[in-house]
Amino acid sequence: MAGNHRNSSITRRRALAVTGGTVAAGGLAVTGYQSAFADTTDTTEATATASATSTGACMTLMSSVTEGPYYLDGALVRKDITEGKSGVPLTLRLTVVDATDGCTPVKGTAVEIWHCDAWGYYSGYTTANPGGSAPAESEDGSTANDNTYLRGYQIANANGVVKFETIFPGWYTPRTCHIHVKVHTGGEKKDGTYEGGTVNYTGQLFFDDTIAEEIFALEPYSQHSGSYTTLDDDMVYDGGGASSGLLTLKAVHKADPSKGYKGSLSLAIDPDAENTGAGSGGGGTPPSGGPSGEPPSGAPSESASPSASASS
């Protein structure tokens, strides 16, 4: 595919609510496909947090951006959000710290992520054209629920850390490869999802172009052809590196990118702030006839298996 082709027709737009920077937490490389999704001891995360606070220097607030057109309420609290969707494994570790209090970990925050599949389709919007040429979402052969795949919450531990098991996202016109993220506080886990509270931060996580284009040459990503928008031409990413959501990525196996990646980033937030990301601009044009932010109907319970809850 034309992964290295820059979409020069995209005008860069800034969708920032606050400015500032942060630092990326280091990734932990392991070997093997299963290892990419394996649980590991959190001593690395605790050490990274202690190091940030012991120096007396603290990260400034992360930049907040638009939530985009594909947000849905009612995502499930779960670590593995793949539901059988095919793609290169991605273990994502995010550390939430309080930028107003010496970068202390923010325990109990609910971190929510959502992103498209390998062909650029979002759950809840599976008929929205991702641009270029791609098979229909229904042709992927998975048992994923069309309303819930690649969406989920995790609750931060004592070190402010959450982990997700997912796949490397694909792309859709006119955006670069990205993952959406919200940080919530003050709510509670109920009926398998997270309810109430305040959205303190809305952002997007980004991927190095060289790694993304290498992934997009693999199956099933390669079945989506067209002009991929690079970071420099994206309408949301502003070139600020980690402070703008650029993930630190570590390959599970350097010689074989199909084995997966570990991605990590520290999110420095203000727990007293509110930023839903709604109406901030950017993020692409909402598809016609798609859902409007209501909880997905027929969403599976937290204990339901993807195959048991799959929609037709």
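Me: Which residues form one aromatic cluster?
Reply: Rings of Phe, Tyr and Trp (its six-membered ring) count as a pair if their centres lie within 6.5 Å; planes under 30 degrees apart are stacked, over 60 edge-to-face, and the rest tilted. One aromatic cluster is formed by Phe168, Trp171, Phe207, Phe216, Tyr221, Tyr228 and Tyr261.

Me: How many aromatic pairs does the structure hold?
Reply: The model is predicted, so local features need pLDDT of at least 70 and side-chain atom pairs count only at pLDDT 80 or more, while totals for chains, interfaces and linings use all residues. Residues are numbered from 1 along each chain as its sequence is written, and side-chain values use heavy atoms, with hydrogens and water left out. The number of aromatic pairs in the structure is 13.

Me: Why is the pair of Tyr70 and Tyr172 called edge-to-face?
Reply: A pair of aromatic rings is described by the distance of the centres and the angle of the planes. The ring centres of Tyr70 and Tyr172 are 5.4 Å apart. Their planes stand at 80 degrees, so the pair is edge-to-face.

Me: How many residues apart are Tyr70 and Tyr172?
Reply: Helices (H or I, at least four residues) and strands (E, at least two) are DSSP runs, numbered from the N terminus. Tyr70 lies in the loop between α1 and β1, and Tyr172 in the loop between β5 (161-167) and β6 (178-185). The pair links distant parts of the chain, with a separation of 102 residues.

Me: Are Tyr70 and Tyr172 buried or exposed?
Reply: Relative accessible area under 20% means buried, over 50% exposed, and in between partly exposed (1.4 Å probe, protein chains only). Tyr70 has 7%, and Tyr172 has 3%. Both therefore count as buried.

Me: Which ring has the charged end of Lys182 over it?
Reply: A charge sits over a ring if NZ of Lys or CZ of Arg is within 6 Å of the ring centre and within 35 degrees of the ring normal. For Lys182, the charged end is 5.0 Å from the centre of the ring of Tyr71.

Me: Which residue stands opposite Lys182 in the strand pairing?
Reply: Two strands pair if DSSP finds at least two bridges between them. Strand β3 (residues 110-114) and β6 are antiparallel and pair over five bridges. Within β6, His184 stands opposite Ala110, and Lys182 stands opposite Glu112.

Me: In what order do the four strands of the open sheet run?
Reply: The pairing in this sheet is antiparallel, and eight bridges join β6 to β9. β4 (151-155) and β9 (198-206) are the edge strands, each pairing on one side only. The order is β4-β3-β6-β9.

Me: Which side chain does Thr82 join by a polar contact of 2.7 Å?
Reply: Thr82 lies in the loop between α1 (43-54) and β1 (89-98), and at 10% relative accessibility Thr82 counts as buried. A polar contact is a pair of N or O atoms within 3.5 Å; within protein, one must be able to donate a hydrogen and the other to accept it, and residues adjacent in sequence count only if both atoms are side-chain atoms. The partner of the Thr82 side chain is that of Asp80.

Me: Which residues is Thr82 in contact with, leaving aside its neighbours within four places in sequence?
Reply: Contact means heavy atoms within 4.5 Å. With those neighbours left aside, Thr82 is in contact with Tyr149, Leu150, Glu165, Thr166 and Ile167.
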